[in-house]
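Please look over the sequence and the structure below before reading on. The paragraphs after them are meant for someone who has not seen this structure before.

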Amino acid sequence: MSQSDADRARLDALSAEAEIDTPGPASTVAQLAVAAASALSAADSAPAQVLASRDWPRPGSVAVDGTRLDQLIDSVGGLVAVQHRIAALLEKARAGASQQELVLDVQRLQRSCERQVDAVRACALDVRRVRLLPVLDALARLTKSLAGARSNSLHVVVDEAEIELDKTIADGIVEPLALFLRHLVLRVLEPDQQATAGAAPSLVTLALRARAHAGQVAIELHVTGRDLQLATDSGQLAQLRTHARCLGGTVELSHAAAGCSVTLTVPVTLSVIGALLISIGATNMALPLSGVVEVVRYDERALQLRRGRPFIDVRGVALQLASMSEVLCLPRAGETRRYQHVVVINSGTRRLGLLIDQALGQRPLMLKPLGWSLRGVSIFAGAADLGEGRLVLVLDPTGLIDEQEQAEDAGLRATVPW
Amino acid sequence: VSHNDVDAEFLLFEVAGARFGLPVASVREIARVPNITPVPRSPADVAGVMLASGVVITVIDLARRLRLPPTASTGRARILLIRQRRETLGLLVDDVIGVRQLVAPESALDPETLAAPGSTNSTGS
């Protein structure tokens, strides 16, 4: 069962559709900025003026296109009309209308309600967008202030093309970025071991670059003029990564001759994703289609063992397998059970086959992050509402592949991390 | 000098036959037990996740958290949504008794120490 390109394109189109998540506990950039700034003030090198609130963007005031507001009011009017029709329908039901008639009425009402809700949602999304530039500018000013007396040897540039992103995402990246920049600046301004004593310190350039592409925004912190081994600062990076994952994003590190950079990629909106629903025993879960290559039928006879690890051959290429019930530590639901499908997932160039009971089909889902207390369970990207308050957990292909590799490095099978 | 624990209002509830209290101000909402989706590999005291006002909330089974024996479901069980610094958590309790003014209650729970499921007393599954 290979997933056709047409299906993929259709779902990609669906996931590009704008939709927003219900905002969580109110947190504005300003509030987070205060939190970040107070954390920063604890650093001995942080001068007090860093705390000046005027340095921070105030996304509390959002510029809204007037025509959008008109559309919003129109849609609210439409919802009020739906409300009246529900009241009328209730009267009709009480008056003893036939069930067949009522079902037809409810169907019509449901369709028009869906249209109105979609319209309101689209407007709300638009209204919630904030500009990224003021956020980056504020971070650049903060970085400069952190350098203190040595700011002359630090050049900070902001390079961004008119990017707008959902307020929740903008709020979510400020604090982790501020803390990471603080760490970066302290590292950058450490006395250079290789420099000759007495020589003027070399000029270091820190570029904050942002680019939007395919519903994602990549924010790159690029350092030139100083050879940094950022890979060794795993603690700081891991923190940034945890925050990114909560927003459905990733963090990548790259070293090149021209310097090194850390790139934080987050979605522009907390959006609808195309997802593949799968079953593992009695448990149903979802996988984002963006990380699914294809679904193949599982044939036990094709299973090979290489150095004790299970592989199958998919069109001439050996693919490593991981049993999802083992990965999830689920109890075995009867030994007679047969695996039917293998979902091939990818993260960059890495691939892994997930052995599952069954692929149930595709459906668009609105991805919502899991709470802070579950951040340790890195194999999940979040959860999504299946309707009537039922949640389905959404797996994170990158997290699954990372974990598999780590388990191999440690010479262990994937097991419970605590 | 302020004494927060004197004459403060507490929400009293029952877990495994024992009474506990939480400062009223920390409780955002009392909800009926909805569909709770178990989260594989989460700490042992996490009952799962639920949806409240469009947000995914982690639900802590307070009996497991407090290492008390589980009680049979009576239909009176409730979820207390409590506000914390990092997130809103759901606490699964057997019954809600009501709000009382208490002077220095002995088994009042500190909402913030409930913040980290599995941090100290969970052994995992």
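What follows goes through the chains, a sheet, the nonpolar cores and some salt bridges.

This is a predicted model, in which local features need pLDDT of at least 70 and side-chain atom pairs count only at pLDDT 80 or more, while totals for chains, interfaces and linings use all residues. Residues are numbered from 1 along each chain as its sequence is written, chains are lettered from A and ligands numbered from 1 in the order in which they are written, and side-chain values use heavy atoms, with hydrogens and water left out.

Chain A has 9 helices and 18 strands; helices (H or I, at least four residues) and strands (E, at least two) are DSSP runs numbered from the N terminus. Of its 418 residues, 43% are buried, where buried means under 20% relative accessible area, exposed means over 50%, and partly exposed lies in between, with a 1.4 Å probe and protein chains only. Chain A exposes about 21400 Å², and carbon and sulfur atoms supply 53% of this area; the areas come from the Shrake-Rupley method with a 1.4 Å probe, and for residues only the protein chains shown count as cover. Among the contacts in chain A with a separation of 6 or more, 67% join residues 24 or more positions apart, a contact being heavy atoms within 4.5 Å.

Chain B has 125 residues, and 46% of them are buried. Its 1 helix and 8 strands follow the pattern β-β-β-β-β-α-β-β-β along the sequence. An open sheet of 5 strands in chain B has the order S3-S6-S7-S5-S4, with mixed pairing; two strands pair if DSSP finds at least two bridges between them. Strand S3 (27-32) and strand S4 (46-52) of chain B are the edge strands, each pairing on one side only. Within chain B, strand S5 (residues 55-61) and strand S7 (residues 88-93) pair in the parallel sense over 4 bridges, and Ile60(B) stands opposite Leu91(B) in S7(B).

Next come the cores. In soluble globular proteins, nonpolar side chains tend to be buried together. A nonpolar core here is a set of buried Ala, Val, Leu, Ile, Met, Phe, Trp, Tyr and Cys residues joined through side-chain atoms within 4.5 Å. The largest such core has 50 residues, of which Val343(A), Leu354(A) and Phe380(A) touch the most other members. Apart from it lies another core, of 43 residues, including Leu146(A) and Phe180(A). Leaving aside residues up to four places away in sequence, Phe380(A) touches residues including Met285(A), Leu328(A), Val39(B) and Pro40(B).

How many salt bridges does the structure hold over all chains? There are 16, a salt bridge being a side-chain nitrogen of Lys or Arg within 4 Å of a carboxyl oxygen of Asp or Glu. One of them joins Asp105(A) and Lys92(A), at 2.5 Å from N to O. Asp105(A) lies in helix H4 (residues 99-127) of chain A and Lys92(A) in helix H3 (residues 66-94) of chain A, 13 residues apart. Asp105(A) is buried at 14% relative accessible area, and Lys92(A) is partly exposed at 29%.

In chain B, Arg64(B) forms a salt bridge with Asp61(B), their closest N and O atoms being 3.3 Å apart. Arg64(B) is partly exposed at 44% relative accessibility, whereas Asp61(B) is buried at 14%.
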